[in-house]
Amino acid sequence: MSEICIIGCRALEKELRSAMEACGCKNEIIWTDPGLHNVKSKYKDVLQNILDDLPSDCRTALLVNGFCGNSIQGIVNSHATLIIPRVDDCISLLFGGYRNKKPYMDSYFLTESWMNGKQTIFQEYKWACEKYGTARARRIFEKMFRNYRRIAILDTGCYDTASAAEYARDFSEMFSLKQEIVPAGIRYLKDILTGPWDDLKFLIVQPHHMITEADLMDLY
């Protein structure tokens, strides 16, 4: 096992693998399921178990993820130094920071890796139709999307955005959301893989430290 351990969310799988290839990084990845972010307590428990089970020769753990609604608050770090990007979620990572995402806050974001997940919004809509009927499901989702203006497909350079747009087209039209291809990238992912890890862009959690609310105040 390498002295550096990587913990990655499958919502970033294509982008993280591309960043690792570009950096010549061959470390194994401990994956987490993006569906866990919908239930903060479950994600926290899974991440805590991963940290507790890190091999003894791991000196640095890279969490390729964001603060995820502060769901990492209360986690007690293990023996390894934990490096976390100072962003609110995975989408901000692909924008290169939360500040770059701000102009698009009226958007519902998509990437190919997210669409390949087990709990996408499209699958939730299909489930709602089966449970409640199409008319009621549509009313529910119209309320959910009333504050969104568009579906933003992030062009990270790691997949065919045209295929992603086709996949989401029916849903966009149904809820009167325009589609837009938005430039994004993997620069931040490369930075966490290679370092150096400065305090402006990364939360550096020392061994055996509990992550507090104060630790999560500053976003990049």
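My entries below go from the sheet to the helices and then to a single residue.

**Ground rules.** I am working with a predicted model, where local features need pLDDT of at least 70, side-chain atom pairs count only at pLDDT 80 or more, and totals for chains, interfaces and linings use all residues. Residues are numbered from 1 along each chain as its sequence is written, and side-chain values use heavy atoms, with hydrogens and water left out.

**The sheet.** I looked up the strands (DSSP runs of E, at least two residues; helices are runs of H or I, at least four residues; both are numbered from the N terminus). I found an open sheet of 5 strands in the order 2-1-3-4-8, with mixed pairing; strands pair if DSSP finds at least two bridges between them. Strand 2 (29–32) and strand 8 (202–205) are the edges, each pairing on one side only. On average, neighbouring strands are turned by 20° against each other, direction ignored. For angles, axes are lines fitted to C-alpha atoms, for helices over the stretch in contact, and the values run from 0 to 180 degrees between N-to-C directions.

Thr 60 stands opposite Thr 81 of strand 4.

**Helices on the sheet.** I noted that helix 1 (residues 13–23) packs on the sheet and touches strand 1 (4–9), strand 2 and strand 3, its direction making about 165° with that of strand 2. Contact here means heavy atoms within 4.5 Å. Helix 9 (residues 187–194) lies across strand 1, strand 3, strand 4 and strand 8, at about 170° to strand 3.

**Helix against helix.** How do helix 1 and helix 9 cross? Their axes come within 9 Å and cross at roughly 55°. That makes helix 1 oblique to helix 9, because angles under 35 degrees count as roughly parallel, over 145 as roughly antiparallel, 65 to 115 as roughly perpendicular and the rest as oblique. From helix 1, Glu 15, Leu 16, Ala 19, Met 20, Ala 22 and Cys 23 meet Leu 189, Lys 190, Leu 193 and Thr 194 of helix 9.

**One residue.** Is Thr 161 buried or exposed? I placed Thr 161 in helix 8 (residues 161–174), and it counts as buried at 16% relative accessibility (buried is under 20% relative accessible area, exposed over 50%, partly exposed in between, with a 1.4 Å probe and protein chains only). Beyond neighbours within four places in sequence, Thr 161 is in contact with Ile 153, Leu 154, Asp 155 and Ile 181.
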